[in-house]
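Here's a quick look at a helix pair, a strand and one more helix. Have the model open as you read.

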Amino acid sequence: MSLALKPAQAFTLTPCKDYEPAPITKGSYDGPLIDSHFHMPLPEDVGTRPILGKEVSFKYMDCVFEREGTNRAISFFAVFPEYPYQDWIDKAIFAQENYPKRFVRFLMPPGPNDVPPSVKVKKLKKMLNENTGVFQGWGEMGLYDLENRDADDYPPDAKIFQDIYPVVRNHELLVYFHPGLDQADNLANVLADNPDIHFIVHGEQIEGHIGDLMDDYPNVYFTVNDLYGDQYLLREDGTKKQFMEGLEDFEPLLETDIANWKALIEAHPNQFMWGTDRGDAVWTYDLEVGEKLAEYGRAFIAELDPAVQEKFAYKNAKRIIKDAGL
């Protein structure tokens with residue numbers, strides 16, 4: 001997901017006042033979930049996604065997660081360097097103090113207009129040293145092609161990241177990448193050089209290589225958040241209506257996803273995780289959207305080998321969070 005500036009959409013969220021878990025369809029997986037890919041709204045109006053505390057609040061998402069049965073969420077807190085960054089980091093501190101068990105806080109500080117994909121090591125070190133213990137991970141960093149840069153410019157083993165990995169290690173952080181095309185070998189180099197750092201990746205650009213990478217590197221993990229029969233239903237130019245209609249009768253989509261993912265997940269039961277990639281449009285945070293995402297996710301999980309279901313749903317994410325010193 002790019003942080004390039006786009007206008008926010010007008011949308012009224014479905015009220016969420018009842019923390020009672022939503023009913024679970026018979027035959028679906030009925031255990032806990034951890035969402036391993038969740039984008040926090042931005043803390044002020046900069047002409048992009050919904051504003052944290054205005055369109056979407058911590059309390060609202062806490063309620064939505066409780067309704068879904070999502071115990072925790074790996075949550076990306078964007079921190080743009082051209083704004084007073086401490087004001088933005090203070091939102092993560094608020095989450096730490098008020099919702100410490102719900103939001104697994106990742107620092108997501110891109111360079112200006114995503115070039116480079118992250119702030120450089122000096123600024124990142126300053127952010128982390130001034131806010132010790134606030135963040136549990138660094139990312140998501142998008143390394144794919146954008147209008148103003150190519151994937152070749154910033155592979156996972158680029159110098160800017162090589163400088164950052166020692167800082168990540170020092171702060172016991174997890175790393176989250178969305179790699180670009182043809183970066184599998186670069187990612188393999190990084191995984192080999194940093195066996196003590198957990199790297200989570202997602203995205204269609206690396207999907208075709210993830211099984212081979214997992215065969216060789218136990219420190220790589222993949223979030224499966226592009227389910228729904230290979231259709232990208234949470235796209236920013238979509239609508240809640242389109243999303244809900246797309247999943248109204250989801251059995252054909254589910255069959256496609258099982259064919260694409262079941263064998264691969266079961267072959268690497270300790271390295272795959274469920275996630276949603278909610279963000280951008282206000283409607284993607286909606287209560288009814290969240291419940292539908294969880295409903296579909298639970299139906300998918302139920303098709304996995306029973307020995308794998310809990311690992312994919314939450315245990316793999318929980319383990320690496322704990323391994324990172326959290």
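## Strand E5

How many of the five residues of strand E5 (residues 174–178) are buried? Five of the five are, so E5 is largely enclosed by the rest of the structure. Buried here means under 20% relative accessible area, with exposed over 50% and partly exposed in between (1.4 Å probe, protein chains only). Leu174, Tyr176 and His178 cover one side, with Val175 and Phe177 on the other, and all are buried.

E5 runs parallel to strand E4 (residues 137–142), and four bridges join them.

## What you're looking at

This is a predicted model: local features need pLDDT of at least 70, side-chain atom pairs count only at pLDDT 80 or more, and totals for chains, interfaces and linings use all residues. Residues are numbered from 1 along each chain as its sequence is written, and side-chain values use heavy atoms, leaving out hydrogens and water.

## Helices H3 and H4

The axes of H3 (residues 121–129) and H4 (residues 159–170) come within 9 Å and cross at roughly 15 degrees. The two helices are therefore roughly parallel (angles under 35 degrees count as that). Their crossing is right-handed. On the H3 side, the contact (heavy atoms within 4.5 Å) uses Val121, Leu124, Lys125 and Leu128, and H4 brings Asp163, Ile164 and Val167.

## Helix H1

Nine of the 11 residues of H1 (residues 58–68) are buried, so this helix is also largely enclosed by the rest of the structure. Among the buried ones are Phe58, Tyr60 and Arg67. Just after H1, Gly69 takes a positive phi of about 90 degrees.

Definitions and conventions:
Axes are lines fitted to C-alpha atoms, for helices over the stretch in contact, and angles run from 0 to 180 degrees between N-to-C directions. Angles under 35 degrees count as roughly parallel, over 145 as roughly antiparallel, 65 to 115 as roughly perpendicular and the rest as oblique. A crossing is left-handed if the near helix is turned anticlockwise from the far one by less than a right angle, and right-handed if clockwise. Two strands pair if DSSP finds at least two bridges between them.
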